[in-house]
2 protein chains.
Amino acid sequence: MRYHSRHKAEVRQQIIRMASYRFRSEGMDAVGIANLMSDLGLTHGGFYSHFRDKEALVAAACRHGFDELQQRLAEVLAAVPPDERLATLVEHYLSPAHRDRPDDGCVAAALGGEMARRDQPSRQAFTAGVEAQLALLAHCQPQRGGCGGMTASVALALMVGALLLSRAVSDPELSLRFLEEAKRALMPPAD
Amino acid sequence: MRYHSRHKAEVRQQIIRMASYRFRSEGMDAVGIANLMSDLGLTHGGFYSHFRDKEALVAAACRHGFDELQQRLAEVLAAVPPDERLATLVEHYLSPAHRDRPDDGCVAAALGGEMARRDQPSRQAFTAGVEAQLALLAHCQPQRGGCGGMTASVALALMVGALLLSRAVSDPELSLRFLEEAKRALMPPAD
DNA sequence: CGCTTTGCATGATGATCATCATCGTAAAAA
DNA sequence: TTTTTACGATGATGATCATCATGCAAAGCG
């Protein structure tokens with residue numbers, strides 16, 4: 001090998017990382033291979049020695065995005081007493097900061113809509129990520145039943161939907177309303 | 001004018017109608033002008049005499065999609081006693097049939113993710129549609145408070161999120177779980 | 001120090017994209 | 001019947017797309 005043996009793997013990782021950001025912020029169709037590679041100081045030629053096609057990159061980027069979030073969240077939640085974990089997670093997920101940084105945020109909310117139209121490999125990677133999110137959510141329910149009596153899948157659907165709508169809507173007030181009211185619905189109702 | 005005076009308006013309406021279907025089922029970026037026009041037996045040339053640019057079509061298609069749904073729902077709900085309206089709406093929205101026909105379904109669920117990245121005109125049309133949905137939802141809450149104690153914006157976010165995830169996920173069982181559990185959460189809890 | 005290996009660059013392919021300028025033609029108006 | 005008018009067809013523009021075939025140059029191995 002002409003570079004040290006890790007080099008190819010490192011470049012591959014960089015491609016995936018950059019793709020996972022740009023896909024989330026611009027959409028998967030809007031990011032071209034050549035443009036993406038040039039972000040890393042490379043040209044489009046080498047791409048196909050790393051991935052069979054764009055679909056393979058989408059799947060890898062999807063996995064990477066979920067893994068990264070999962071890991072980051074696990075760290076944050078571990079530092080918080082168990083009965084505050086749900087509140088911490090919800091507060092973070094439904095914050096304006098998360099709304100305004102889709103590139104660094106939840107893959108499900110950023111790419112869920114387009115995922116429904118993709119091929120099997122990508123959708124499988126996406127599904128695995130969603131399942132991991134569900135497990136994490138179920139794991140930090142304060143007591144039996146879950147978030148204000150919701151199951152994990154209901155809580156996830158609500159969070160994803162609220163974040164998605166808060167991003168799509170052009171009225172800042174309505175945008176905030178989606179975040180705030182979802183937050184309230186997810187937090188334990190009593191003081 | 002060479003055709004009868006309604007002709008141009010009719011063609012315009014057909015373009016919008018077709019666009020609103022194809023945008024929902026294929027995504028707004030994936031549908032090209034030339035391809036869309038050829039669906040109507042026309043060529044790409046005349047498009048720009050109907051719309052300033054593609055963005056204008058997106059906004060119009062968005063309005064059309066919401067209007068159509070709003071009208072169809074209003075008809076269905078009017079034929080149902082007030083205390084069954086919420087259940088009817090939820091049952092319909094979270095049905096596998098709706099999941100499997102995005103082209104004929106909710107604009108918010110199909111295009112919400114991509115809407116966040118579009119220009120102002122489209123997002124304003126989208127926002128107006130969302131507001132109409134919220135009003136309709138608030139209007140068919142069975143009693144004070146709303147769907148199992150949810151506000152309209154929470155109910156909408158949950159429905160949109162559940163439908164979106166049920167479409168994106170590749171596991172049929174998980175897909176159904178999103179629909180069923182969201183349904184349960186939205187229906188009045190007591191028998 | 002030369003050989004082999006291979007990651008990446010170069011460039012081509014053919015397709016599609018949004019947009020616009022031009023023009024024929026068919027229908028309405030006269 | 002003749003004139004007018006504008007819808008929509010044709011074709012060009014320049015950009016970008018995913019994908020692949022070829023070739024260079026550098027790094028590890030001998």
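This is a predicted model: local features need pLDDT of at least 70, side-chain atom pairs count only at pLDDT 80 or more; totals for chains, interfaces and linings use all residues.
**Interface of chain A and chain B**

Chain A and chain B each bring 46 residues to the contact. Between them the two chains bury about 3,300 Å², and carbon and sulfur atoms account for 66% of this area. On the chain A side, R117(A), A168(A) and S170(A) supply 17% of the area buried against chain B, more than any other three residues.

| Feature between chain A and chain B | Value |
|---|---|
| Buried area | about 3,300 Å² |
| Salt bridges | two salt bridges |
| Polar contacts | 16 residue pairs |

One of the two salt bridges pairs R117(B) with E114(A), where the closest N and O atoms are 2.3 Å apart. The side of chain A that touches chain B draws at least two residues from each of α1 (7-26), α7 (107-115), α8 (120-139), α9 (152-168) and α10 (172-186). Helix α9(A) gives the most to this side, with twelve residues. Sorted by class, the side of chain A that touches chain B holds 24 nonpolar, eleven polar and eleven charged residues.

**Q133(A)**

Helix α8 of chain A contains Q133(A). Q133(A) counts as buried because its relative accessibility is 9%, under the 20% cut-off.

Definitions and conventions:
Residues are numbered from 1 along each chain as its sequence is written. Chains are lettered from A and ligands numbered from 1 in the order in which they are written. Side-chain values use heavy atoms; hydrogens and water are left out. Contact means heavy atoms within 4.5 Å. Buried area is the accessible area (1.4 Å probe) that two parts lose on being put together, summed over both. A salt bridge is a side-chain nitrogen of Lys or Arg within 4 Å of a carboxyl oxygen of Asp or Glu. A polar contact is a pair of N or O atoms within 3.5 Å; within protein, one must be able to donate a hydrogen and the other to accept it, and residues adjacent in sequence count only if both atoms are side-chain atoms. Helices (H or I, at least four residues) and strands (E, at least two) are DSSP runs, numbered from the N terminus. Ala, Val, Leu, Ile, Met, Phe, Trp, Tyr, Cys and Pro count as nonpolar, Asp, Glu, Lys and Arg as charged, and the others, Gly among them, as polar. Buried means under 20% relative accessible area, exposed over 50%, partly exposed in between (1.4 Å probe, protein chains only).
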